[in-house]
Amino acid sequence: MQLLYNSDSFTVVQFDVPAGDDGARLWAIEQAVRCGGVCAVIADGRGLPMAATRRLQLAASGTMLCTLRGESRHAGDRARTPSAAATRWNVAPGAASGARH
């Protein structure tokens, strides 16, 4: 565990699991969403099977869970990968408008 930020109002920590150990990754995500002191979890969701995403969705009933699935090399792969996610967002860079705010 690595402490990234700490203040009176919130704390940000990072957990690293061994590369390729999907079981450890799933366990770490599930423990984080089940922790009473955690309000949000951002996790690597690449390659998680449907049953795992459903388990995480149920475990995260009181916690915001955002799993990032990364970019697929093949068009449409993400759309065919089943997930129990309540919402799915596709984020991609766009052209700059030139307007400054």
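Analyst: R55 counts as partly exposed because its relative accessibility is 40%; that label lies between buried, under 20% relative accessible area, and exposed, over 50% (1.4 Å probe, protein chains only). Please keep in mind that this is a predicted model, where local features need pLDDT of at least 70, side-chain atom pairs count only at pLDDT 80 or more, and totals for chains, interfaces and linings use all residues. Residues are numbered from 1 along each chain as its sequence is written, and side-chain values use heavy atoms, leaving out hydrogens and water.

Now, which residue does R55 pair with? R55 forms a salt bridge with E30, with the closest N and O atoms 2.6 Å apart; a salt bridge here is a side-chain nitrogen of Lys or Arg within 4 Å of a carboxyl oxygen of Asp or Glu. This pair links distant parts of the chain, as E30 sits in helix α1 and R55 in helix α2, 25 residues apart. Helices (H or I, at least four residues) and strands (E, at least two) are DSSP runs, numbered from the N terminus. The two side chains are also joined by a polar contact of 2.6 Å, a term for N or O atoms within 3.5 Å; within protein, one must be able to donate a hydrogen and the other to accept it, and sequence neighbours count only if both atoms are side-chain atoms.

Leaving aside residues up to four places away in sequence, E30 touches R55, L56 and A59, where contact means heavy atoms within 4.5 Å.

E30 has another charged partner as well. R34 forms a salt bridge with E30, and here the closest N and O atoms are 3.0 Å apart. Both residues belong to helix α1 and are four residues apart, about one turn of the helix. R34 is exposed, because its relative accessibility is 52%, whereas E30 is buried at 9%.

The buried residues of α2, which spans residues 50-59, are A52, T53, L56 and A59. They lie on the same side of α2 because they cover an arc of only 125 degrees around the axis, using the directions from the helix axis to the C-beta atoms. What do these buried residues pack against? They pack against α1 and β4 (64-68). The exposed residues A51 and L58 are on the face of α2 turned away from the buried side.

The structure holds five salt bridges. One of them joins D44 and R25, with the closest N and O atoms 4.0 Å apart. That pair also links distant parts of the chain: D44 is in strand β3 (residues 40-44) and R25 is in helix α1, 19 residues apart. D44 is partly exposed, with a relative accessible area of 29%, while R25 is buried, with 11%.

Buried residues make up 18% of the 101 residues. Of the contacts with a separation of 6 or more, 44% are between residues 24 or more positions apart.

Finally, here is a look at another strand, β2, which holds Q14. Q14 is partly exposed, because its relative accessibility is 29%. Leaving out residues up to four places away in sequence, Q14 touches M1, Q2 and L4. The C-alpha atoms of Q14 and L4 are separated by 6.8 Å, although these residues are 10 residues apart along the chain. A polar contact of 3.0 Å also joins the side chains of Q14 and D16. F15 lies in the loop between β2 (11-14) and α1 (22-34), and F15 is exposed because its relative accessibility is 53%.
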